[in-house]
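Visitor: I would like to learn how to read a few local features of a protein model. Please take them one at a time.

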Amino acid sequence: NVHVNALANAHLPDAKTSAFASDVLAGLTQQPKQLSPKYFYDAAGSDLFEQITRLPEYYPTRTELGILRDRGAEIAAIIPEDAALIEFGAGATTKVRLLLENCGFAAYVPVDISGDFLTAQAESLRHDFPDLAVHPVIADFTTAFSLPRAIDGKPKVGFFPGSTIGNFEPHEACRFLRSAREILGTGALMIVGVDLEKDERILHAAYNDAAGVTARFNLNLLLRINRELGGNFDLSAFAHRAIYNREQHRIEMHLVARKPQTVRLLGTTIAFRAGESIHTENSYKYSIARFGALARGSGWSVQTVWTDASEMFSVQALVA
Ligand code: AVJ
């Protein structure tokens, strides 16, 4: 769309901004309105997410870390000699450090769209694991990419922690797992963090924390649109809403207009009815059986499922 790109370029001239601009415009001119959760993570959003991971109500991060720590020896036991660890998306290094400490990998390949982030992360890991070969790949990990030649012939182990897979629609999760299998090859392993279905009150609290950090994280998307795309969203006119959709097994996050209003951005006027929502995120929760079926449907089989004692979260080893 030439019009959209021209306007985005007038504001901040790069390809990333113009993809953001066209996605936002498409999402807000459709019914129901929606925005992609991938846009949460600008500098402020990444910082807010980091705060979320430390909230008392937000169990996933600390539960997954607990599993990786407590089951470290069992995880190490299934990792072949001289293996390369390929991480799909690279966030905080806390989780991968646990695997690297326990499992004696020969190489680590973080794959992420953000080059700056990868470089900083690679530096700190090279420093702390001097025997580890670190080969970052700048790519969109949801699409096909090539592994570095340096890990040719090494056994491959994929790593996709954090229940990031929960952000995908089930058919997208299937496509992603298929693509990962293609990239890693036959015989590969994949270690995936999967959030589990549980008491709805626990889920509700995790996305409606008392301190309001998740609300700020959700609303930050509008702030980002104002800043990067020249929008004029009034943040006080939108409310954070997170609900559990039982039929679809997912937490949904929305930003709900508190009153009728119009917003201007990129030369377009967007009208909101009172109570109208922008759907900003889905976070799918799986039963162990349902995730097993998804894995099998995408060419993997589940080798081991590790959970915490309360079965809040799972770390699953898949084999290609
Ligand atoms: C990063 C997608 C796993 O779904 O729990 C946290 C994002 N959103 N609180 C999740 C999130 C609101 C998180 N994931």
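Visitor: Which residues of helix α11 are buried?

Guide: First, the conventions. This is a predicted model, in which local features need pLDDT of at least 70 and side-chain atom pairs count only at pLDDT 80 or more, while totals for chains, interfaces and linings use all residues. Residues are numbered from 1 along each chain as its sequence is written. Helices (H or I, at least four residues) and strands (E, at least two) are DSSP runs, numbered from the N terminus. A residue is buried if 20 or more other C-beta atoms lie within 10 Å of its own, exposed if 12 or fewer, and partly exposed in between, with C-beta atoms placed from the backbone. In α11, which spans residues 288–297, the buried residues are Phe291, Leu294 and Ala295. Seen down the axis of α11, these buried residues fall within an arc of 100°, so they line one face of the helix. The arc is that of the directions from the helix axis to the C-beta atoms.

Visitor: Why would spaced residues point the same way?

Guide: An α-helix has 3.6 residues a turn, so residues three or four places apart point the same way.

Visitor: What do the buried residues of α11 pack against?

Guide: Contact here means that the C-beta atoms of two residues, placed from the backbone, lie within 7 Å. The buried residues of α11 pack against α8 (170–184), β7 (189–195), β13 (301–307) and β14 (313–319). Just after α11, glycine 299 has a positive phi of about 90°.

Visitor: Which residues are buried in helix α6?

Guide: Lys95, Val96 and Leu99 are buried in α6 (residues 94–103). They cover an arc of only 95° around the axis, which puts them on the same side of α6. Their cover includes α4 (59–70), α5 (72–78), β2 (84–88) and β6 (156–160).

Visitor: At what angle do the axes of α4 and α6 cross?

Guide: Axes are lines fitted to C-alpha atoms, for helices over the stretch in contact, and angles run from 0 to 180 degrees between N-to-C directions. Angles under 35 degrees count as roughly parallel, over 145 as roughly antiparallel, 65 to 115 as roughly perpendicular and the rest as oblique. The axes of α4 and α6 come within 10 Å and cross at roughly 5°, which makes α4 roughly parallel to α6. The contact is made by Glu64, Leu65, Leu68 and Arg69 of α4 and Thr94, Lys95, Leu98 and Leu99 of α6.

Visitor: How do α2 and α10 cross?

Guide: The axes of α2 (residues 15–28) and α10 (residues 213–229) come within 11 Å and cross at roughly 125°. That makes α2 oblique to α10. On the α2 side the contact is made by Thr17, Phe20, Ala21 and Val24, and on the α10 side by Ile225, Glu228 and Leu229.

Visitor: Which backbone angles call for a second look?

Guide: Most residues other than glycine have a negative phi, and most peptide bonds are trans. Leucine 266 has a positive phi of about 50° although it is not a glycine. Leucine 266 sits in the loop between β10 (261–265) and β11 (268–272), and is buried, with 22 other C-beta atoms within 10 Å. Glutamate 311, in the loop between β13 and β14, has a positive phi near 55°. Glutamate 311 is partly exposed, with 14 other C-beta atoms within 10 Å.

Visitor: Where is the cis peptide bond?

Guide: It joins glutamine 31 and proline 32, with omega about -10°. Proline 32 lies in the loop between α2 and β1 (33–34).
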